[in-house]
Amino acid sequence: MKPNLSYSLMMALALFSGAASATDLRIYPSFSEVRETVKATGTTLGVNLPQETWNSVIPGSLDLDGVAFSSAVQKQEANWLTSLEGKPVFLRTGDKIETVTLIRARDLLIKDAQGRYRNVSYSDLSFSDLPPLNPQSPTQTLTYMVPSGATGTLSYLTRAVTWSPRFTLKASNAGAQLSALADIRNGTELPYNVQNTELYAGDVEVQEGQPVPAPAPMMRAEAAAADFAAPKINTVGEVRGLTRYDLSAPFTLPASSMVTLPFLTPKLTSFERYAGLNTYFNTETSKGTMNRFYRFKADQRLPSGSLTVREDGRIVGQTTIPETGKGADVEFSLGNDPDVRYTRSVETQNQQKDSKGNVTRTTYRVTYAFESSKDRAIRAEVTERAGGRRIIIDTAPAVQNQGVANLKVDVPANGKASKSFVLVIDNS
């Protein structure tokens, strides 16, 4: 079967000369669906992809939608340089350029005018015709047998095109603001002239027939205003647990690039700083420092992404936030706070034993004493978990297996404060 030459040539020009082909992209955090309208002028439709691009395609994901094809054949073709075997090329040796014959493209074996053979470097060769990108790389061809003149949508999944949000939380004594950027990455040597772009946030699993090599290293690309009108990212809504965003206009995603666009500017409905500690119950006395915690709520759903926190314009830490629903708490720690210290002590108040002398029920009083050297008041919060058959904390109803004690106390500037709770572990 021979591919339709006019379509194959068009694809080859688009993929190998650097021109961007018109494409729709549905971009997920770890992969993308690439969709392109294709039309056959005969009964065959051929597609060429460079080997590096093919390596990032998820096996088994290539599909031709909207066309009832009778068969599809995929195979690896020789590289462009192989087509010059037996033909003259130009070799630079010092300041001299001579005409030689390319004998083998695989190891760049040439034959000079004196009939001598030797291996040369590709960088020393030049050609009469413009070479494609990666001329020493093979290509993958896919040939569909289709009804004459059929039109359909070619689609495939690739690991090389992804996106991710990154948030910035700017805080000061006056309050806090949250904003986000969207980084769209293209790890292939193909540019994409994207007509319609959808971004999806959420957890999506895809099945792979075999391991997929990591995308090629990328260079950051700044989108120039002269090249295109920068699109805006609009929130469309929820799709079966995923959040969908659309770009308002077409844009160009260059090869081996990252395009960054303004993303969300959520309104914070609450914002708190506090000194926090998460721990588990034990009977030992302990001392330590609290951690620097932040907590906020936003008026819209937030995708998972990296977060940079600035206080009065200075970076105070970075973290990653999980995907969070509208109005849900986003809570994280940025490291310890040596200005807020605690001492934890445990007093056994009562014990009950069975007929064999085994302890079945114990009542403890756990006390936290806080001391702050800050010049302003700060809230201290402790979350302590305890395990047992039945757990009772203060006057709360008994729970099975694990109980959680939550302490909150305001520590004055350069001052002290304490808080206690009663814990009953009942294993009877």
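This is a predicted model: local features need pLDDT of at least 70, side-chain atom pairs count only at pLDDT 80 or more; totals for chains, interfaces and linings use all residues.

Analyst: T158 sits in strand β12, which covers residues 151-158. T158 counts as buried because its relative accessibility is 1%, and the cut-off for buried is under 20%. Leaving out residues up to four places away in sequence, T158 touches F31, S32, V34, S56 and V57. One of these contacts has a polar side to it: the side chains of T158 and S56 make a polar contact at 3.1 Å.

For context, here is a sheet elsewhere in the listing. Five strands make up an open sheet, ordered β9-β8-β7-β6-β10, with antiparallel pairing. Its edges are β9 (117-119) and β10 (125-126), each of which pairs on one side only. At the β9 end, strand β8 (residues 109-111) is joined to β9 by three bridges, and the two run antiparallel. K111, for instance, has Y117 in β9 as its bridge partner.

The protein chain averages a pLDDT of 86, and 90% of the residues score at least 70. Over residues 1-20, though, pLDDT is below 50, even though this stretch has 45 contacts in the model beyond near neighbours in sequence. Residues 209-227 also stay under 50, and the model has 31 contacts for them beyond four places in sequence.

Methods
Residues are numbered from 1 along each chain as its sequence is written. Side-chain values use heavy atoms; hydrogens and water are left out. pLDDT is the predictor's confidence in each residue, from 0 to 100. Contact means heavy atoms within 4.5 Å. Helices (H or I, at least four residues) and strands (E, at least two) are DSSP runs, numbered from the N terminus. Buried means under 20% relative accessible area, exposed over 50%, partly exposed in between (1.4 Å probe, protein chains only). A polar contact is a pair of N or O atoms within 3.5 Å; within protein, one must be able to donate a hydrogen and the other to accept it, and residues adjacent in sequence count only if both atoms are side-chain atoms. Two strands pair if DSSP finds at least two bridges between them.
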